[in-house]
Amino acid sequence: MDRAHDLEHPGRRRPSRRVGPALVVAAVLTLAGCSGGSPSTLDPGGTGAARIADLWWVLFWISAAVFAEVMVLLVWALVFRRGRDTRVRHGQPLRFVAIAGAGVPLVILVVVYALGLRDLAALGAGPGRDAPTIEVTGHKWWWEVRVPGIDGATANELHIPVGERVRVRLRTADVLHSFWVPQLMPKTDLIAGEMRETWLHAERAGTYRGQCAEYCGTQHAHMALQVIAEPRSQFEAWLARLAAPARQPTTEAERRGQQAFVQGSCAGCHAIRGTGADARVGPDLSDVGSRWSIGAGAVPNDAGHLGGWIVNPQTVKPGSYMPPQPVDAQRLPDLIAYLRSLE
Amino acid sequence: MSSRNLAAATSTEALTTELPVGRSTGWWGMVMFVTTEATLFACLLGSYFYLRFQHGGEWPPGGIAQPKLLRPLVMTAVLLPSSLPMIWADRGIRRGSRRRLRYGLVATILLGTTFLVLQATEYAELFHEFTLTTNAYGSLFFVITGFHGLHVLIGLTMLSWLLAAALRGGSFGAHRHDRVRNAAIYWHFVDAVWAAILFTIYLSPRL
Amino acid sequence: MSTTTAPSPGAGQEDLARLEAHWGERASLRSWFSTVDHKRIGRRYLVTASLFFVLAGTSALAMRTQLARPESNLLSPEEYNQLFTMHGTAMIFLFATPMLFGFGNYLVPLMIGSRDMAFPKLNAFGYWVFLFAGLFMWASLPFGAAPNGGWFAYVPLTDDRNTPGLHMDVYTLGLLFLGIATTAGSINFIVTALKLRAPGMSLNRVPLFVWAIVATAFMVIFALPALNLDNAMLFLDRRFGTHFFDPEAAGNVLLWQHLFWIFGHPDVYIIVMPALGIVSAVLPAFTRRGVVGYVLIVLAIVSIAIISFGVWVHHMFATGLPHLSYSFFSAASTIITIPSGIQIFAWLATMMLGRLVVRVPLLFLVGFIVTFVLGGLTGAMFALTAFDQQVTDSYFVVAHFHYVLIGGAVFPILAAIYYWLPKMTGRMYHEGLGKWAFWLFFTGMQVAFFPMHLSGLFGMPRRVYTYRDEPGWDVWNMVSTIGAYILAVGLLLVLIGVVHAIRRGRPAPPDPWCGDTLEWSTESPPRPYNFPVLPQVHSLHPTWDQPSRSSMAEDATPDRILADGRRTLFTSELDGRRERVVEMPEASLQPLLLALAMLVFFTAMLFAWYPFAVAAAVAVAVIIAWWLWPPRRPEEELGVAR
Ligand code: HEA
Ligand code: HEA
Ligand code: CUA
Ligand SMILES: [Cu+2]
């Protein structure tokens, strides 16, 4: 090319910054250092999530290698192939493109695909026929938890025995939700009009945070749940508590609170076993005092927040399907006392 | 038209522009349009089968009777042959016969209108049994056949428009028939889709 | 605007004057509304899409500000949900696709050596519809009635029971309206590229960008009907009580997802494909050589276009479909990475074998490779069903698609802006400002989106308007937000750079980069007729080869000047043989009127004023009839037999 053009003022030559590799290193460090405590998929508590965590690390290192390869070529070109000699060049190294761009990736992908199939099959294998079963129903925006054969229900919290696979049946009462306990098991969507199944397995006892992972409207952000993995005996105790009536009031205040509950608006939507209140619009409150939160992760479960919730859930969890309650100011402490006593 | 344009339009190049030297852009445009429309119908019929097989059980659901066959077969017998006069008209104008264009169009429009009238009588009858809002089957039935009916109506509008232009004179001839051919492609498409609908809606529940 | 002289006109002064008379448009209000010039329309697409980008990007900044700290109350959940839905919907439908269509509109006729698109009026119509559909959707936001069901609007959340109000009607009608523009544009691209290529431009000489646009257009033809049908059914379910998605009446909610993703997956390639075409178009100028492996890249483009229709279920890996189908779709999703790999390595080879001239467009291409490869690699991870079930609907996915969308579309778009700005405006941009913009944008992008991989792996779901303070979430969200602001400053510098270039830039020569495609053989900016002499193409790099260049200068022949009328050439579809000269339509108000009638129709549907809707539909039919009404011609010209 001989015509005047802008290309004849090439930039100064200076070493390129190696941003890419630095990022990868940063990623490794943070992943290794920072996963404790959160509901991290890389800190698995049971076989389901553990498999995926292993798979992730394989994928991560392969990707890091491929990325590094690309970066090396790119940086090499940027460093060594600059120049003011701007004649047009030709030459078609098709072999290089075919091998690096198709051949090598194909080999990698076949291996990776096989690993993926293996893990998919493992996740699909499911629990045995007589494994414990728990039924979870998604509502906007809370989880209803039941056990087949037992009348009672609870919400936003389910218990499993450590070391056993537990079948979880998933349904939705309204829109799609997705059941996700990152440390235990990948997601399963709740499909309107259908039933889905997954399973949970925890190797170590503890509480695992889960959260709805399919956008389900206004309060999708506050649709969390907790899975409590505990020894078999405690799990059975939980089943027994689910079957039994709620704790009876012991103090005068609690008794007044119970009355307010049963005679007030509350019983129109909520159930408390053994009180005659058996509505199913909102969560069963028979064990509400011992729950880890109010409003599926919206606020901690303490007296102050409970009072605030009852008076106006809309300030706590705007959009929630529980309307503000006209509880009169004297009754409120009783109601709180009663609900907090339900364990 | 300004005299400059007139001169341009009557130069030798212009006189030959619609002689068969390769496909015209209009042809390609119509073919692409029909392709995307055909995909739309494919999705619609695909949805029908998806809902049917996901539903399982009896089909049509909700106690709706199997669609009766006689009228749709008559409708088919009216609509499918309507492509013939259209072809005859199209071929005719390519040879410069305006008469064939006019008569062919009239015949096609008559057949198409008969089809729509028959469809209307069918709807009138079926509305006693089920409607768009009865269940998903009702929605599918009326949306699929209705959407096709709409296409017939659009096709008829195109043909009437062609007829109006043809009656005016000065519109079409052996060298200027792009619009006729494009409308014909659309009409044949509407016809062909009906065959797929006949199979899906009326015949497949019996399989 | 600068008026540099044409390289070396092969057309005489008299021809040029006549061309100017036939093609030129006097600046007037009427011509502003009636223009059919593909360059003006292309520029409008670019400006309008950028406007929607700023709106959608500003929504994202609002979201990021809300998410910077846990439990913040800046936005209510209703506001947040509308913002993220509008952000996603607008970025995909109103920014990415139209922006790339804008480049296509501007460049395709120039690159193939034609004087306009095949259907110039349809082109104008497409632009108006795009503008009106975009305004139609954004207008709902100030009223709090914007779509709020997420950009893929899953039922039953979006049905009338769960989302009453106009929100989802705006979504369904807006996208149906917009679909008209996208379909019209695609048909126009296909026909233009098939019939209007300069003589000699056989298929193996078609620039890669044009290949990419045509493949994209074919994907639109086959993918968009699925979305249109989906939206039509949702609208019917919401308004007229049908039951397509109602499981209680034999409907099915997964039907929505299948149809959406049958469109949606090809759509992400609809976005990335023209952008990859930009990469192939820009790279030669800054590596001083043609892209390595032209044939391989064409094959890659075609195979992506085909395979992309067979992977949609990878967006539904957590819905509990049978494992057999998952294994199939997982395999297909894995395979589709190969053509992308071929392209990446072809570009790398091009760079390694060329001579790099490091200017702003090339920097953005480097940014593209870094970012897109990272995003592609996480995509390849999702192709494994088991892994995807863990990270789907978490911020890990948000990281993936911003890496591929920003890496694969925004970086190339920015490269294109700098690269073609001299051609479009006749002005050079400011190099220093451009470099600052690049580094801020690149850094901001990585800082904003890399941490999302981490918050996703740490269990943070997407589409949450706020979150409880979990270890590992708060820090990374704060970092993301800071990155988003850095990125916005980078974009602000791009904007300043463009304005500066238009106002103060030094005049650009016709070919500042010494590029290889035909647009560089026109003036900057091109005359309304593009080429005084339509070129005769002799190679894949016509501006680099002497015979093609001189075909527009000393070797010009009158049959390629065509100065008596608004005329251009038809050539044969495959080998670009000359077929005939055709007359192109003149400026007209019909496209605007038709789009307005459709706007009335969709607005009337939105507010349920059905009589108005019927009237508008009739108006639409009347305008089309008038538009296509055949001109009256003398009998001998028609060729009428009696
Ligand atoms: C421009 C847009 C774009 C592009 C190009 C891609 C490219 C790819 N995407 Fe992505 N994707 C999106 C946009 C895009 N995606 C969006 C918007 C979503 C989310 C929608 C939503 O939920 O809102 C999504 C979501 C998404 C999912 C679903 C995630 C989920 O919701 O759970 C999956 C699953 O398979 C996936 C896969 C892929 C794959 C395999 C590619 C491949 O094409 C990538 C190929 C490229 C490379 C791999 C890099 C270059 C190659 C090499 C360097 C060779 C060597 C490579 C290997 C050995 C692997 N994408
Ligand atoms: C091409 C597509 C595209 C692009 C470019 C972007 C760009 C950005 N996106 Fe977007 N995003 C999507 C497509 C895209 N996104 C999609 C499809 C979704 C899914 C939606 C859904 O779930 O339904 C999504 C979702 C999404 C989320 C997740 C929301 C959630 O799940 O809750 C977030 C959160 O951080 C985010 C952030 C950003 C940011 C900060 C940018 C920035 O890059 C934006 C930068 C742009 C600007 C800032 C405007 C231009 C700026 C100037 C001209 C400068 C001057 C202006 C100012 C300084 C204000 N996006
Ligand atoms: Cu339930 Cu999200
Ligand atoms: Cu996809």
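Predicted model: local features only at pLDDT ≥ 70, side-chain atom pairs only at ≥ 80, totals over all residues.
I'll start with the nonpolar cores. The largest one has 365 residues.

What is A:Phe179 in contact with, leaving aside its neighbours within four places in sequence? Its partners include A:Val136, A:Trp143, A:Leu158, A:Val168, A:Leu170, A:Leu190, A:Leu200 and A:Leu225. A:Pro186, A:Lys187, A:Thr188 and A:Thr198 are also in contact with A:Phe179. As general background, nonpolar side chains in soluble globular proteins tend to be buried together.

Next, the sheet in chain A. It is an open sheet of 5 strands, in the order β3-β2-β1-β5-β8, with mixed pairing. The edges are β3, residues 153–155, and β8, residues 196–201; each has a single partner strand, so one side of each is left without a neighbour in the sheet. On average, neighbouring strands here are turned by 30 degrees against each other, direction ignored.

Looking at one pair in that sheet, β1 covers residues 133–139 and β2 covers residues 142–146, and the two pair in the antiparallel sense over 5 bridges. Within this pair, A:Thr137 stands opposite A:Glu144 of β2.

Now the chains against each other. Which chains share the most contacts? Of the 2 pairs of chains in contact, that is chains A and C. Chain A and chain B do not touch, and their nearest C-alpha atoms are 11 Å apart.

The other contact I want to go through is between chain B and chain C. Chain B puts 59 residues into it, and chain C puts in 56 residues. The area buried between them is about 4900 Å², with carbon and sulfur atoms giving 64% of that. On the chain B side, B:Thr25, B:Trp161 and B:Arg168 lose the most area to chain C, and together they make up 13% of what that side buries.

How many salt bridges are there between chain B and chain C? The count is 2. B:Arg98 forms a salt bridge with C:Glu635, where the closest N and O atoms are 3.2 Å apart.

Key: Residues numbered from 1 in each chain as written. Chains lettered and ligands numbered in written order. Heavy atoms only, no water. Pairing = 2+ DSSP bridges. Helix = DSSP H or I, 4+ residues; strand = E, 2+ residues; numbered from the N terminus. Axes fitted to C-alpha atoms, helices over the stretch in contact; angles between N-to-C directions. Core = buried A, V, L, I, M, F, W, Y, C linked by side-chain atoms within 4.5 Å. Buried < 20%, exposed > 50% of the residue type's maximum accessible area, 1.4 Å probe, protein only. Contact = heavy atoms within 4.5 Å. Buried area = accessible area lost by both parts, 1.4 Å probe. Salt bridge = Lys/Arg side-chain N within 4 Å of Asp/Glu carboxyl O.
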